[in-house]
Amino acid sequence: MSSAATNMRLKLPVTCLVLQIILIILFGTLVQYNHDTDAKLWHKGNQSDYENDFYYRYPSFQDVHVMIFIGFGFLMTFLQRYGFSSVGFNFLIAAFSLQWATLMQGFFHGMHEGKIHIGVESMINADFCTGAVLISFGAVLGKTSPVQLLVMAMFEVTLFAINEYIILSLLGAKDAGGSMTIHTFGAYFGLVVTRVLYRPNLDKSKHRNSSVYHSDMFAMIGTLYLWMFWPSFNSAVTAHGDDQHRTAMNTYYSLASCTLATYAMSALTAHDGKLDMVHIQNAALAGGVAVGTAGEMMLTPVGSMIVGFLAGIVSVLGFKYLSPILEKKLKIQDTCGVHNLHGMPGVLGAIVGAVTSALATREIYGNGMADVFPDVASGKVGTSLQAGHQALSLLVTLGMALFGGIIVGFILKLPIYGAPPDTICYEDNLYWEVPGDEEDHHDHQLATVRADEIEKLNN
Amino acid sequence: MSSAATNMRLKLPVTCLVLQIILIILFGTLVQYNHDTDAKLWHKGNQSDYENDFYYRYPSFQDVHVMIFIGFGFLMTFLQRYGFSSVGFNFLIAAFSLQWATLMQGFFHGMHEGKIHIGVESMINADFCTGAVLISFGAVLGKTSPVQLLVMAMFEVTLFAINEYIILSLLGAKDAGGSMTIHTFGAYFGLVVTRVLYRPNLDKSKHRNSSVYHSDMFAMIGTLYLWMFWPSFNSAVTAHGDDQHRTAMNTYYSLASCTLATYAMSALTAHDGKLDMVHIQNAALAGGVAVGTAGEMMLTPVGSMIVGFLAGIVSVLGFKYLSPILEKKLKIQDTCGVHNLHGMPGVLGAIVGAVTSALATREIYGNGMADVFPDVASGKVGTSLQAGHQALSLLVTLGMALFGGIIVGFILKLPIYGAPPDTICYEDNLYWEVPGDEEDHHDHQLATVRADEIEKLNN
Amino acid sequence: MSSAATNMRLKLPVTCLVLQIILIILFGTLVQYNHDTDAKLWHKGNQSDYENDFYYRYPSFQDVHVMIFIGFGFLMTFLQRYGFSSVGFNFLIAAFSLQWATLMQGFFHGMHEGKIHIGVESMINADFCTGAVLISFGAVLGKTSPVQLLVMAMFEVTLFAINEYIILSLLGAKDAGGSMTIHTFGAYFGLVVTRVLYRPNLDKSKHRNSSVYHSDMFAMIGTLYLWMFWPSFNSAVTAHGDDQHRTAMNTYYSLASCTLATYAMSALTAHDGKLDMVHIQNAALAGGVAVGTAGEMMLTPVGSMIVGFLAGIVSVLGFKYLSPILEKKLKIQDTCGVHNLHGMPGVLGAIVGAVTSALATREIYGNGMADVFPDVASGKVGTSLQAGHQALSLLVTLGMALFGGIIVGFILKLPIYGAPPDTICYEDNLYWEVPGDEEDHHDHQLATVRADEIEKLNN
C-alpha cells in the first residue's frame with residue numbers, strides 16, 4: 001500500500017530535480033541564442049536596435065505570460081479548499097513545461113545546424129504549449145498529485161510538439177491562436193486522461209468539489225486576465241503589421257459578444273433566473289478560443305462577433321446539459337468543465353478557420369495573402385485545399401489527443417505517484433502545510449482591548 | 001406588482017440577446033477594418049510592418065483594458081455582499097458598452113464613405129467611453145438590476161459620443177485623458193441618475209453598505225491597477241512621440257503627489273488618527289483624473305505634482321464632509337463616492353486644462369504646438385480663445401450630464417427592470433447563485449482525521 | 001510616554017505634507033523635461049515620432065511599476081492581520097520614494113546645466129530605487145509605523161543613489177537588474193535596521209506573525225506578478241536591441257529553473273513532505289534576483305538555468321535553517337525573510353556577474369561588447385579588471401548597506417514615530433479603521449428570508 005502513499009517527501013524532490021537536471025544538460029548541449037538575442041550575431045548586421053523582434057513581440061509575450069500564470073492559475077481557485085494547489089501546481093507544471101516545450105518545439109521546428117535557436121518567439125510558443133498542459137490540468141484538477149502532473153506535462157508537451165509540427169509544418173494549416181493545437185488538443189487530451197483515471201467513488205469528496213464566496217472572487221481574477229489579454233494571445237505569433245493588429249481586434253469583438261451571450265444563457269437556463277458564476281467564469285472566454293484559428297484571417301468584425309456569440313451559447317449549454325451527461329454516461333469527471341470552455345469552442349474555432357480559408361480570395365486579401373495564407377499566395381495550394389488541410393488538421397489533432405490521452409492516462413494510473421484517495425480529493429491539506437482559516441478571535445478581542453489601552457496612552 | 005419582480009429569468013436574456021443581435025446587424029452593415037487592420041489596404045502601401053499603429057497604441061490599450069475590467073471591477077468590490085455583482089455587472093456592461101461605443105463614436109467622428117473604420121485607436125476610445133459608464137455605475141452601485149444598467153449604458157454611451165463630438169470636434173477642445181468627457185460626464189450623469197432614483201428607505205439596507213476585511217483587500221487590487229496604469233490611460237490617444245511620453249510622465253508624478261496628500265488628509269480628518277480605506281482606495285486616484293486634460297500639455301512635472309496634491313486634498317475632504325451633505329440635503333445616494341473621485345477632480349482637471357492652454361506659447365512648445373494645440377498652431381484660434389473653448393467644453397459637459405441624467409433617470413425609474421427592493425440592496429443573492437462563505441467545518445475535521453490515516457499509510 | 005503614542009492624527013499628516021511640499025519646491029527648482037518629453041526639444045530634431053524612447057522603454061516600465069505596487073505590496077499580505085498595512089504602507093512609501101529618488105538619482109547622475117532631466121528611463125530608475133526601500137520594508141514589516149517608514153525611505157533612497165553612483169559611474173560596474181544596487185543593498189540595509197530595532201519581547205505578537213488561508217492566496221498574487229514581470233525588470237534599462245532581448249530571456253529561464261528547485265527543496269525539507277507556502281511565495285523568485293547582474297551578459301540560457309537552480313536551493317535552505325539562527329543568535333527579526341529572497345541571491349548574483357565578466361571575450365560578444373562592457377570595448381579596462389570592479393562593487397554595496405543601516409536604525413529608534421508596542425505588532429488595527437471580518441450572519445438569514453418573499457412576488 002505504501003506505493004500509493006501521498007507523502008511527497010522524496011517523490012516530488014526527486015522528480016523535480018531529475019527533470020531540471022535533464023533540462024540543464026539538454027539546454028547546455030542543444031540551445032543557443034538566436035540572431036536577435038546574441039550579442040555578436042545581432043551586431044554583425046547593420047540594422048537599427050529598434051528593429052529587434054523584442055519590441056514587436058515582447059509586450060504580447062508578457063500578456064500571454066500573465067494568462068498562463070495568473071489567468072489559468074486563478075481561474076482554477078474556485079474550489080473551496082484547493083487554492084494553494086490550483087495556483088501552486090499550475091505554477092510548478094508551467095515552469096517545467098515552458099522549459100521542456102522549448103526543447104520539444106525546437107526539435108521539431110527550430111533546429112539550425114544541430115542547435116535550437118531561441119528568442120522571444122520561442123518563448124511565446126513555449127508558453128502556448130504550456131497552456132495546453134494547463135487546460136488538461138483543469139480536467140483532472142483536484143484528483144492528481146504534483147508528481148503525476150509533472151509526468152503528464154512531460155508527455156503532453158512532447159505530443160503537442162509533434163501534433164503542432166504535423167499540422168503547421170507538414171499540412172501547412174494556420175492556427176495562430178491555437179484553436180486546434182492548444183485548446184482542442186489540451187481539452188480532449190485531458191478529458192481522455194480523466195476518463196482513464198475514472199474514480200467511481202469520487203462522490204465521497206463531493207462536498208469539497210464546489211466554491212465558496214471568496215474562492216469565486218479569486219477565480220474572477222483569473223477569468224478577467226484571460227479575457228482581457230486574449231487579444232494578445234491570439235495575435236502573439238501572427239505575422240507583423242496588419243495581421244497582429246487585425247487578430248487582436250477580431251478577438252476583442254468576439255469576446256465582447258460572447259460575454260453578452262453568456263450572461264443571457266446563464267440567466268435563461270438557471271432554475272430561478274439567477275446568474276451562475278461557473279458560466280461567467282468560463283463561458284465568457286469561449287469567444288477567445290473560437291477565433292483562435294480564424295482571428296488572423298479577414299473574418300471581419302461582425303464575423304468575429306457571430307463566432308463569439310455562438311461560442312458563448314454552446315459553452316453555457318455544455319456546462320448546463322452536456323457535462324452531467326458526460327460524467328454519468330461516459331464517466332468523464334471534468335473538474336473545470338474544460339470540454340465546454342476549450343473543447344467544443346476549440347472545435348468550433350477549427351471549423352470557422354476552415355470555412356474562412358475556403359472563402360479567402362485575392363480580392364479580399366490583396367498582397368496580404370502572403371502573410372495569412374503563404375501556400376495559397378505562392379500557388380502551392382488553392383483555397384479549398386487550404387480549407388481541406390485546416391479540416392484535416394482538426395482530425396489529426398483529435399486523433400493525437402485521444403490516442404495520446406489513452407496512453408498517458410494508463411501511465412498515470414500506475415499507483416506510484418501518490419495520487420489522493422477518493423475521500424480526500426479537492427483538498428490542499430494533502431500536499432501543503434495549510435494554515436487556519438481565521439485569525440485567532442481570542443487575539444482579536446485582546447487586540448481591541450490593547451488598542452483601548454493605547455488610546456489612553458495617546459491621550 | 002409582478003412588473004417590479006427581480007427575477008431575471010427572461011428580462012436579462014431578452015435584453016442581452018436583443019442588444020447583441022442589434023449590434024451584430026449594425027456591425028455587419030456599417031463597420032469595416034481600417035487601413036492598418038485590413039490585409040489589402042495595408043499591403044497596398046510601401047510602409048514597413050513595424051510602422052503599423054498597433055505597435056504604438058496596443059500596449060497602452062491593454063493597460064486601459066485592465067483598468068476597465070479589473071480596475072473599475074475590483075474597486076467596487078469593497079461592499080461585503082456585492083462582489084459578484086460589482087465584478088460581474090461591470091464585466092457585462094463593459095462588454096456591451098465597448099461594442100455600442102464603437103458604433104456611436106463611429107457615427108460621430110469615424111465615418112468614411114458611409115462606413116465606420118476601426119482599429120486599435122477606436123478600441124481605446126471605446127474603452128474610454130465604457131469608463132464613463134462604469135463611473136456612473138459606481139454612483140448607483142447596489143441599487144440597480146443588470147437590465148437597468150444595460151439600458152443606462154445604452155443611453156449614456158450615446159450621449160457620451162454626442163458630447164465628445166461637440167467638445168472635441170466642434171469646439172476643438174483638448175481632453176486626451178478625459179477629465180471632461182469621461183470623468184466629469186460620467187460622474188455627474190451618474191449622480192443625477194441616482195438622484196432621480198432616490199430611495200427614501202435605503203437605510204433598511206444600510207448594514208450591507210459597508211466593507212469587510214477581505215472585501216477591502218479585493219478593492220485594493222482595483223485601486224492599484226487604476227493607479228499604476230493611469231499614465232497609460234491619459235497618454236493612450238495623444239499624438240505620438242513626445243506627447244505620449246510627456247503625458248505618461250505628468251500623470252505618474254501627479255498620482256504620486258496625490259497619494260501623499262491622500263494619506264495626510266485621511267489621518268488628519270479621521271476621529272482617532274487612523275487611516276480610512278475608503279480614502280486610500282479612491283482619493284489616491286484623483287491625481288490621475290485631474291491631469292486628464294492638461295497632462296499632454298507642457299504642464300511641467302512640478303505643475304503635475306501640484307495638481308495631484310490639490311486633487312488628493314479635495315477628494316478626501318469630499319468623502320469626509322461633502323458626501324454626507326449631498327446625501328442628506330440633496331438626496332444623492334452616491335455608493336462609491338464618484339463625486340469625490342471623478343466629479344470634483346474632473347472639474348478641477350478641466351479648469352487646469354483651460355488655464356494651461358491660456359499659458360501656452362510658441363516659446364514653450366516650439367514646433368510641438370501642432371500636436372498639442374493644432375488650432376493654435378494653424379492660427380485658427382489664439383491661446384486665450386483655446387482656453388475659452390476648454391472652459392466652454394466643461395460647461396457643455398456638465399449640461400449634457402445633468403440634462404441626460406435626468407431623462408435617463410426617469411427612464412430607469414420605470415418599474416419594469418427588476419430593480420432590488422429597498423430592503424435587499426447591496427446584495428448578490430438577488431441576482432446570483434451565491435455559495436456559502438465557509439467550507440464545511442465538519443468536513444474539515446474529517447479531512448484532518450483522514451490525513452492522519454493517510455500518514456499511517458505512508459509510514 | 002506620549003512621545004511613543006501610536007496615534008497618527010498629526011504625525012503622519014505633518015510628515016506627508018512637509019515631505020510633499022519639499023518635493024514640490026525641489027521639483028520646481030530643479031527638474032525639467034528631457035529631450036524626449038519636451039515639446040520644443042523633441043520637435044527640433046528631424047527624427048520620427050516612432051523613435052521616441054517611450055516606445056522602447058515604457059512597456060518595461062509598466063511591468064516594473066506593477067512589480068513595485070502589486071508585486072511587493074501583495075507579497076507582504078501573507079500576514080493574517082496586516083493586509084491593509086502591507087499594501088497600504090507599501091503604496092505610501094513607494095509613492096514618496098519614487099519622487100525622492102528622481103531627485104537623488106538626478107543629483108548624482110542626471111544633472112545637465114544645473115537641471116535634472118527626466119523621462120521614462122529616470123522613471124524606471126526611480127521605481128528601481130523604490131524597490132530597494134520596499135525590500136527593507138519587508139525586513140521590518142509589522143513592527144514600524146508609517147512615519148518611521150517614510151523617514152527610513154528618505155535616508156535609504158539617498159544612500160541608494162550614492163551607492164549606485166559609486167559602483168555604476170565611478171567603478172564602471174554593470175548591474176542592470178540590480179543584484180547589487182537593489183537587492184543586496186535593500187536586503188542588508190533592512191536587516192541591519194531591524195537588528196538595531198531589535199524587540200526582545202516580540203514573541204508577545206507571535207500569534208499574529210503567521211498567515212491564514214486567504215492571506216496566503218493574496219500573497220500569491222504578489223509572488224506571481226513579481227515572477228512574471230521579472231524579465232522586464234532585469235531588462236528595463238539595458239542597452240536597446242539584443243541586450244534587452246537577451247536579458248529578458250535569461251531571466252525567464254533562470255526563474256523557471258529556480259521554481260523547480262524551490263518545489264523540490266520545500267518538499268524535501270518539510271517535516272512531512274508537504275509544501276510550504278513561504279518557500280513558494282519567496283524562494284521561487286530568487287532566480288530573478290540572481291541574474292540581476294549577469295542577465296544582460298552572454299550568460300547563455302543554460303548558465304541562467306544553473307544560476308536560478310542554485311538560487312532556489314540557497315533560498316529555501318535559508319528560510320528553513322538560516323533565518324531561525326539569525327533570529328536567535330544575531331537578533332535579526334526578518335519578517336519576510338528578505339535575507340533569503342534578496343540578500344543571499346543578491347550576493348550570488350553579484351558573484352555570478354563578476355565571474356561572467358571575467359569570462360567575456362571579443363570572440364563571444366563581437367561588436368556587442370560596446371553595449372555590455374563599454375569600458376572593455378573602449379580598452380579602458382580588461383575583462384579581469386572589469387571583474388574586479390564588479391567584485392569591489394559588491395563590497396562597497398555591503399559596506400554602504402551595513403554602515404547606512406546602523407545610522408538609520410538608530411535614527412528610527414527614537415521614540416517619536418509612534419512605533420507599535422511589542423504586544424501589538426503585525427496588527428492593522430493600530431493604524432487603520434478596520435471593518436469586521438464577516439458580514440452580519442443575522443442579516444444573512446434575513447436576506448434569505450426576504451429572497452423567499454421576493455420569489456413569491458416573482459411568481
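How much area do chain A and chain B bury between them? About 7700 Å², 68% of it on carbon and sulfur atoms, where buried area is the accessible area (1.4 Å probe) that two parts lose on being put together, summed over both.

This is a predicted model, in which local features need pLDDT of at least 70 and side-chain atom pairs count only at pLDDT 80 or more, while totals for chains, interfaces and linings use all residues. Residues are numbered from 1 along each chain, chains are lettered from A in the order written, and side-chain values use heavy atoms, without hydrogens or water.

Select chain A and chain B together: the contact (heavy atoms within 4.5 Å) takes 86 residues from chain A and 89 residues from chain B.

Next, select Glu363(A) and Lys40(B), whose side chains meet in a salt bridge at 3.2 Å, N to O; the rule, a side-chain nitrogen of Lys or Arg within 4 Å of a carboxyl oxygen of Asp or Glu, finds one such bridge across this interface.

Now go to the cysteines, where the structure holds zero disulfides over all chains, a disulfide being a pair of cysteine sulfur atoms within 2.5 Å. Cys16(A) is buried at 0% relative accessibility and Cys129(C) is buried at 1%, buried meaning under 20% relative accessible area (1.4 Å probe, protein chains only).

Notes
Buried < 20%, exposed > 50% of the residue type's maximum accessible area, 1.4 Å probe, protein only.
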